[in-house]
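Me: I've got this model open on my screen and I'd like a close look at one part of it. Could you walk me through it, starting with the overall layout?

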Amino acid sequence: MNKIVSFKFFNKSLNTINLGICSILFISLSFSSCKGPEPDSDDNFDRYLMLNDISTNVIIPTFNQLNNSADSLLNLTNQFVASPNEILLNQLQNQWKKTAQLMVQTGIYSFGPSEGLYGTLRENIGTFPPNTSLIESFIENKDTGLQNFNRDTRGLFAVEYLLFD
């Protein structure tokens, strides 16, 4: 039950972002279709400056927030492993929710530099749904090496399975 609730939280955030992007796109297309013919490229608009500003003030800070949130999640996880208790579990679950929300926010930047040899950053952070039977098998066999290519057994959604189920 808790897993479904946390996925609904993740899905709701994703839907909100998608709705916002679609709204902006629709409004932009509406205004652009009302204009007359495009003038020559003498508009003196500095696209480099705009893109640099967006990357410096929006994209990079969002990824930094995700990185800091993931670090906090790791620190709380280490504390919980050392001394499991209900208070730390609640803090850990709340930190997971913050990290998942930031993952959704960075998802719209899953292109260019965030694509690597092993897929996008988002794919490597967490593949949904996690393979719970394989996660359980790894736990039973005490296989914690992550020396396999089973993306759906690690990452943010595997942590969700362990924290909320």
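Predicted model: local features only at pLDDT ≥ 70, side-chain atom pairs only at ≥ 80, totals over all residues.

How many helices and how many strands does the secondary structure of the protein chain come to? Then please zoom in on one pair: at what angle do helix 5 and helix 6 pack?

Reply: The protein chain has 6 helices and 2 strands, and going along the sequence they come in the pattern α-α-α-β-β-α-α-α. There are 165 residues in the protein chain, and 23% of them are buried. Looking at contacts with a separation of 6 or more, 69% are between residues 24 or more positions apart.

Now for your pair. Two packed helices are described by the angle between their axes and the distance between the axes. Helix 5 covers residues 132-140 and helix 6 covers residues 156-164; they pack at an angle of about 75°, and their axes are 11 Å apart. Angles of 65 to 115 degrees count as roughly perpendicular, so helix 5 and helix 6 are roughly perpendicular to each other. If you want to pick out the residues on screen, helix 5 brings Thr132, Ile135, Glu136 and Ile139, which meet Ala158, Tyr161 and Leu162 of helix 6.

The loop between helix 5 and helix 6 is worth a click too, as lysine 142 sits there. Its phi is near 55°, a positive value in a residue other than glycine. For background, most residues other than glycine have a negative phi. Lysine 142 counts as exposed because its relative accessibility is 70%, and the cut-off for exposed is over 50%.

Threonine 62 has a relative accessible area of 11%, so it is buried. Setting aside neighbours within four places in sequence, threonine 62 is in contact with Gln105 and Thr106. Isoleucine 54 is in helix 2 as well, but this residue is partly exposed, given its relative accessible area of 34%. Isoleucine 54 also belongs to a nonpolar surface patch of about 420 Å², made by Phe45, Met50, Leu51, Ile54 and Val58.

Methods. Residues numbered from 1 in each chain as written. Heavy atoms only, no water. Buried < 20%, exposed > 50% of the residue type's maximum accessible area, 1.4 Å probe, protein only. Contact = heavy atoms within 4.5 Å. Patch = residues over 30% accessible without salt bridge, like charges linked within 9 Å, V, L, I, M, F, W, Y side chains within 5 Å. Areas by Shrake-Rupley, 256 points an atom, 1.4 Å probe, with all protein chains shown as cover. Salt bridge = Lys/Arg side-chain N within 4 Å of Asp/Glu carboxyl O. Helix = DSSP H or I, 4+ residues; strand = E, 2+ residues; numbered from the N terminus. Axes fitted to C-alpha atoms, helices over the stretch in contact; angles between N-to-C directions. Parallel < 35°, antiparallel > 145°, perpendicular 65-115°, else oblique.
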